[in-house]
Structure formats: C-alpha cells, structure tokens
Amino acid sequence: MIQQSRLNNLFYDMMTKEDIMEEHPLEELSEIYLKSQNFSPRTLKSYRLAYKFFIQYLKMRDIIYASTRDMIGYRDEKRSLGYSTYAIHIHICALRGLYRYLNVHHQELKLPDVYLYDIMKPLQNEKIKNHLNKHILSMDEAKQLIMESKRIRKYTYHYRNHAIIYLMLTAGIRRDEIIRLKRSDYVVMDGIGYVTIRKNGPFEDQVVRLSAGGTLALDAYLERRKDDKIYLFTSYKKESKDGSLSHTFFQNMFPKLLKDCGLSDRRITPHTLRHTAGIINLLRGASVLDTKKFLRHQTIASTLVYQDYIDSMNDRSEELLDAFILKEDGPLTYDVWIAYLES
C-alpha cells in the first residue's frame, strides 16, 4: 500500500503551474457548504482535503463543471494510486454532500443551471462493511464511571465533569455538542430536563430529553455556578474569557477523570460513552428504530452497526462448531476444552 505522503507527492508531481487554472468555482462553494454544516473539526479537515484533491483533479483537466463521468474518472484514479477503499469512501461522501447541497440551494446561491443535476446520484459509493471497532464499556464499568465521578465531587468543576459524563453516557450527547451547549438550551419541565442541540444549515434543531439522574446531576452543577456565562458547561481557565470549553478540554479532563474513577483503559475515549449508550439501549430491549431516534442518527445504517456488534457478541458459532466436529452434546467452553485435551 502506498503511504499517504507518497500519494500526495505523486499527485502534485503530475502537475505544473501551466497545467492548473488559477481559481475554480468549487473552492468558494465548498467553503460555503462546510460553513453551513454542523461537522466536527475532524470531519471538516477530512472533507477540505477531499475537496482540495478533487479540485486539483478538475483544474489539471480544465474542467469547470464536473460530470458523473469525471467523478468516476477521479474515483478510478484514486484506486490506481493505491488509495484504500475507506479513503475513497470518505472522498465520495464529501463530494456527495457538496453536490447535494449545491443542487438544493441552486437558486439561493444563484448557480448556473448545470447544478440542477446532481452528478453524484448515478455513482455507486464504495462498499464499506459497517463495523464497530471502538471499545465499549461494560455495564459495571458504566456504573462505576457514574458512581465514582459522583463520589469524588468536591469543587464546582467536579460537579461539571460528573454532569458531562452523565449526559454523554445516558443521553448519547456528543463531545462537540457538550462544548456548544448554552444555558438557554437547557429547560426543566415537570421535573424533567431537556437540552436543545442547535444545528447549522438545513438541519433542524434536536431536543434531547434527560434522565432523572442526568437532570439532578446538571442541576447540582448549575446550583454551584457563581457566574453568568452563557455556556451550559464552562471553563475555569483564565484564557477562556467567555467561559467556553476549548476543543482540547476533553484531552485534559477525560484521562484524569478515568484515572480518578479507577478506569485507566486507554481505549476508552469520550466517544466511547456515546457508543456505550447505544449498545446499552439495545441491550435493555429498545428497538433499532428507537435507538436511531435516541442517538439522532440520520440513517438507520449507522444504528445497525450497534446491533451487529451485539449479534457478534451473542454469536456462539465457534463453540458450536467445536462441539459439532468433536461430536459433543453442548458447546465447548474453555473448561470443557481443557478437560477434553487432558482426557
């Protein structure tokens, strides 16, 4: 497999200054699209890189308005250069979103009629097998994290951290959503708390209902707040003038909290809590559709990954295959295997 840095060098070695037009309309349009979306910093970085490569591809060929055939040519070139299926998948997803946006907002952006046709529609995406390769907390670990983060509360920031963990683990709220939440986004009605996740662009805001425990944890934190900062969760560092949490907040807070709670597994990340929330929701008997709504997934495919994970945990094929080959009555557990080998 050719490394990414070598791929970049190969790509730019193919170009000369004379070959490339100075500007391309997609440069400005792609930025307009990205600013209208609610993407994480990581997604923004990936999509910007995908647009950069695609625009360079168009410039080299003096193509102003790409066609489906051009898109297929771009995809095939990536394959020939040794890009992985996953990398190509990211590029195609980025371009699919961009062209769909330009198609929908054609009139608003005063674009040429060529954008009335979505060139990505006929293009089949790269087939990526959905899988969940992140660590999932066990029930005991999830309980330990909640109970220990509550037990060690002393200062206001302890109460803040406990409330954050509670909301991420029981309401599936994302890390970036936690950072952006404002006090005005939180309301309590009939003893139950609700937070509104604000979305940019064409996406509608989403209201998330909190559990009784989540509401109590959040209220306990807010009662100890002595400031009038607009953010729901605030920073206590002098560098943050408006009280907002930085995007490096979790990098510093989360590992220390895990250690204080007796969970030092390096595989546990902030997003692990959201994955765990989805898995536990299915394990408690919720349907895939209920879990899709709970996690606010845009497509059911994202939620099915969690169901596949549970199915794989419950799959006893290996044990049953052992038993079938060795003509045993039941599945061969480790203890049975040792007894079998020693017989």
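These questions and answers walk through a predicted model of one chain.

Visitor: How many helices and strands does the chain have?
Guide: The model is predicted. Of the 343 residues, 43% count as buried. Among contacts between residues at least 6 apart in sequence, 62% join residues at least 24 apart. The secondary structure comes to 15 helices and three strands.

Visitor: What share of the accessible surface belongs to carbon and sulfur atoms?
Guide: The accessible surface of the chain comes to about 20600 Å². The share of carbon and sulfur atoms in that surface is 52%.

Visitor: Which residues make the nonpolar surface patch of about 260 Å²?
Guide: One member, Y65, sits in the loop between α3 (41-60) and α4 (68-80). Its relative accessible area is 42%, so Y65 is partly exposed. The patch is made by I64, Y65 and V114.

Visitor: How far apart are the end C-alpha atoms of helix α7?
Guide: Helix α7 covers residues 156-171, which is 16 residues.

Visitor: Is α7 largely enclosed or exposed, and how many of its residues are buried?
Guide: Just after α7, G172 takes a positive phi of about 65°. The helix itself is largely enclosed by the rest of the structure, because its buried residues number 13 of the 16.

Visitor: How are the rings of Y33 and Y51 arranged?
Guide: The count of aromatic pairs comes to nine. In one of them, the ring centres of Y33 and Y51 are 6.5 Å apart. Their planes meet at 65°, over the 60 degree cut-off, so the pair is edge-to-face.

Visitor: Which helices hold Y33 and Y51?
Guide: Both residues are buried. They are 18 residues apart in sequence, so the pair ties together separate parts of the chain. Y33 lies in α2 (residues 25-36), and Y51 lies in α3.

Visitor: What is the angle between the planes of Y57 and Y74?
Guide: Y57 lies in α3 and Y74 in α4, so this pair ties together parts that are 17 residues apart in sequence. Both residues are buried. The ring centres are 5.2 Å apart, and the pair is edge-to-face with an angle of 70°.

Visitor: What is the N to O distance between R48 and E31?
Guide: R48 is in helix α3 and E31 in helix α2, 17 residues apart. R48 is partly exposed at 37% relative accessible area. E31 is also partly exposed, at 26%. Their side chains meet in a salt bridge, N to O, at 2.7 Å.

Visitor: Is E77 buried or exposed?
Guide: The side chains of E77 and R61 meet in a salt bridge at 3.1 Å, N to O. R61 lies in the loop between α3 and α4, and E77 in helix α4. R61 is partly exposed at 35%. E77 has a relative accessible area of 12%, under the 20% cut-off, so E77 is buried.

Visitor: How many residues apart are R79 and D76?
Guide: R79 and D76 form a salt bridge, with the closest N and O atoms 3.4 Å apart. Both lie in helix α4, about one turn of the helix from each other. Residues three or four places apart in an α-helix point the same way, because there are 3.6 residues a turn. The separation of R79 and D76 is three residues.

Visitor: Which residues does E177 contact, leaving aside its neighbours within four places in sequence?
Guide: E177 is found in helix α8 (residues 175-180). Its relative accessible area is 3%, so E177 is buried. The contacts are I197, K199 and R296.

Visitor: What is the phi of R296?
Guide: R296 is found in the loop between α12 (288-295) and α13 (300-314). R296 is buried, at 9% relative accessible area. Its phi is positive, in a residue other than glycine, and is near 60°.

Visitor: Is D190 buried or exposed?
Guide: D190 lies in the loop between β1 (186-189) and β2 (192-197). Its phi is near 55°. The relative accessibility is 83%, so D190 counts as exposed.

Terms used. Residues are numbered from 1 along each chain as its sequence is written. This is a predicted model: local features need pLDDT of at least 70, side-chain atom pairs count only at pLDDT 80 or more; totals for chains, interfaces and linings use all residues. Side-chain values use heavy atoms; hydrogens and water are left out. Patches are made of residues with over 30% relative accessible area and no salt bridge: like charges are joined within 9 Å, nonpolar side chains (Val, Leu, Ile, Met, Phe, Trp, Tyr) within 5 Å. Accessible areas come from the Shrake-Rupley method with a 1.4 Å probe; for residues, only the protein chains shown count as cover. A salt bridge is a side-chain nitrogen of Lys or Arg within 4 Å of a carboxyl oxygen of Asp or Glu. Helices (H or I, at least four residues) and strands (E, at least two) are DSSP runs, numbered from the N terminus. Buried means under 20% relative accessible area, exposed over 50%, partly exposed in between (1.4 Å probe, protein chains only). The expected span of a helix is 1.5 Å times one less than its number of residues. Contact means heavy atoms within 4.5 Å. Rings of Phe, Tyr and Trp (its six-membered ring) pair if their centres lie within 6.5 Å; planes under 30 degrees apart count as stacked, over 60 as edge-to-face and the rest as tilted.
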